[in-house]
Amino acid sequence: MTNTLLVGIDGSDGSRRAADFAAARAKAAGARVIVAYVIEWSQYSFNTPEENEMRHKRRDEEIGRAQAQVLDPVVAALKSSGIEAESIVRHGHPAQVLCGLAVETGAVQIFIGRRGLSRLEVLLFGSVAGTLVQMSPVPVTVVP
Amino acid sequence: MRHKLAAALPALFWTSSALAQETQEKGIDTVVNEAIAPISNAIVSVIFYSVPVFGTQFPLIVLWLVIAAAIATVYFKFISFRAFKHALELIRGDYSNPKDSGEVSHFQALATALSGTVGLGNIAGVAIAVSIGGPGATFWMIIAGLLGMSLKFAECTLGVKYRNEYADGTVSGGPMYYLSKGLAEKNMGGLGKFLAVFFAVCCIAGSLGGGNMFQANQSFQQFVNVTGGEGSFMADKGWLFGLVVAIIVGSVIIGGIKSIARVTEKVVPFMAVIYVGAGIIIILANITEVPAALSAIVVGAFSPEGVAGGAVGALIQGFRRAAFSNEAGIGSASIAHSAVRTKEPITEGLVALHEPFIDTVVICTMTALVIVITGSYSNEAGMSGVDLTSKAFASVFPWFPYILSLAVILFAFSTMISWSYYGSKSWTYLFGENRTSDLLFKLIFCIFVVIGSSMNLGPVVDFSDSAIFAMAIANIIGLYIMFPVVKRELDSYWSRLKSGKITKYRADGTGGT
């Protein structure tokens, strides 16, 4: 049975390193890689009716952009080095969505990049990595 | 002919200069008032055609709404109580497919619709009801709120079921669409089309009336009160206040200035929490008087003292203000609810059940309790609307009028944004869905903000009431015909839910969203 590795990326340098790191592990173990991009979104936000009307269209645009600009290059690079790779775009809270995806795809490990936030920044904005480590159903590797 | 013209010209000059002089003497406000009052009076007398019952006037339109709400409640077998918990789970997103995340959620659709209804109706409307109908009006308001839930359920289900979805993914829904499409399915296309147009026309008027002028008017009064009452530098400058508000509203709905909308959408829920919180504190602080207040409400509902028309008078006031506040049966919220992304229209209807509940049963009741507990309604005659609520809250928190004024202005603002959308949807339904006609309506909307700020409370409330209630005439005829459609959807959904075919996505506890 092939193992599945889940990589969360956001287009940053850190997440690129996480993808490379996961690629090396996947190659060694003959595992499949799923590359996920999470768009920050909350089902509990307050919108104007006009925003709601346009929402479906905006969502398609957001997904299209993430797919084309961030995911496709990474997936292409993985495939060219002979690794089986797929991509997923989801809206939601990043850590929560990655946990959900791990269960959904049967991934055995999650890889994400470190953003290198200061303590104050973590306090103010929260840390995806920190939250993910606490919530994840599978082991998490945070790549510096 | 030329002679006549020559004679007419000075006359014309004379009238216009007389008009200008009159304007100078009375102020622009009074002139606008006097020009609009007769039109508004004429419309009111048609919509609120009343019959005398036990010595009081009973507007038939209120009866129309309450009967429809009662029939819906019985026809859908008390869906408001049966589905209360399931609706909460839907709002929480338990049944939403994580793959659809990023679409308009049930919560967002409900919140948007609520921001259109929670507002002055809850603050000013309740005070009007209690000051005219006595504490007993509260009882009937709650009953009307509970019954209204089923009606709201039906209209929001239909709104989603018959909405238009365009190739680019945007949606348009609401009574005008379900009336025309839904009745066409039943071979009543002609009637459907007529009702849809009638609804759209009334919705435009309601959007300019209750959704705009009433809001502008009350926020102006608040502004004047806070800045010094009669002596305020703004006291006779309603048009100036209106102009400022019109520019802000215009910058959001025409200019698409997201930042203003962002700010209000963060502040308005916060304000609602403060308002309800303050109300709860007042109720708790006077907990010993709560039983007396409750008994005043219940006793007053059946045998009030000093209320014109007795129990029926209290009932009319309660029903009327509840309907104006939660808009069940009016059809407006259906336009906002239609944007949700769901494969099951019934789920949005179930979510919408909570709208009259939160609006009327929770928030209105709380306002009424505060007014009754503090006894503010009986102290001073001639006080109505926001002033009365403000005074009731001030009797415990002296600084509260400032917060309340801010809340009123912000609620009014968010209600205006919502109603400008309802109005523009109806307008584009009638005059074509393109940017030009949309823009034209929004400009008219901004002009009415100025008119609304310049008028007395009386004509504005009457006009807005009548325009909004008129929407219910068309909407409810359509609802009666389409009740079986909703029932079929409901039965199918409910049996699938009970047999376990519809399951929670988050049953595994991993948190899909």
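Ile248(B) counts as partly exposed, with 18 C-beta neighbours inside 10 Å (buried means 20 or more other C-beta atoms within 10 Å of the residue's own, exposed 12 or fewer, and partly exposed in between, with C-beta atoms placed from the backbone). The model is predicted, and local features need pLDDT of at least 70, side-chain atom pairs count only at pLDDT 80 or more, and totals for chains, interfaces and linings use all residues. Residues are numbered from 1 along each chain as its sequence is written, while chains are lettered from A and ligands numbered from 1 in the order in which they are written.

Ile248(B) is located in helix 10 (residues 238–253) of chain B; helices (H or I, at least four residues) and strands (E, at least two) are DSSP runs numbered from the N terminus. Between Ile248(B) and Cys446(B) the C-alpha to C-alpha distance is 9.2 Å, at a sequence separation of 198 residues.

Also in chain B, the axes of helix 6 (residues 120–133) and helix 13 (residues 310–326) come within 9 Å and cross at roughly 170°. Axes are lines fitted to C-alpha atoms, for helices over the stretch in contact, and angles run from 0 to 180 degrees between N-to-C directions. Helix 6 of chain B is therefore roughly antiparallel to helix 13 of chain B (angles over 145 degrees). The contact (C-beta atoms, placed from the backbone, within 7 Å) involves residues including Gly121(B) and Ile132(B) of helix 6 and Gly313(B) and Phe324(B) of helix 13.

In chain A, five strands form an open parallel sheet in the order 3-2-1-4-5, where two strands pair if DSSP finds at least two bridges between them. Strand 3 and strand 5 (140–143) of chain A each have a single partner strand, so one side of each is left without a neighbour in the sheet. The twist averages 25° from one strand to the next. Eight bridges join strand 2 (residues 32–40) and strand 3 of chain A in the parallel sense, and Ala36(A) has Ile88(A) in strand 3 as its bridge partner. Helix 1 (residues 13–29) of chain A lies across strands 1, 2, 4 and 5 of chain A and runs at about 145° to strand 4.

The contact between the chains takes 26 residues from chain A and 31 residues from chain B. On the side of chain A that touches chain B, helix 2 (49–80), strand 3 (85–92) and helix 3 (94–105) each supply at least two residues. The largest share, 10 residues, comes from helix 2 of chain A.

Conventions: Two residues are in contact if their C-beta atoms, placed from the backbone, lie within 7 Å. Angles under 35 degrees count as roughly parallel, over 145 as roughly antiparallel, 65 to 115 as roughly perpendicular and the rest as oblique.
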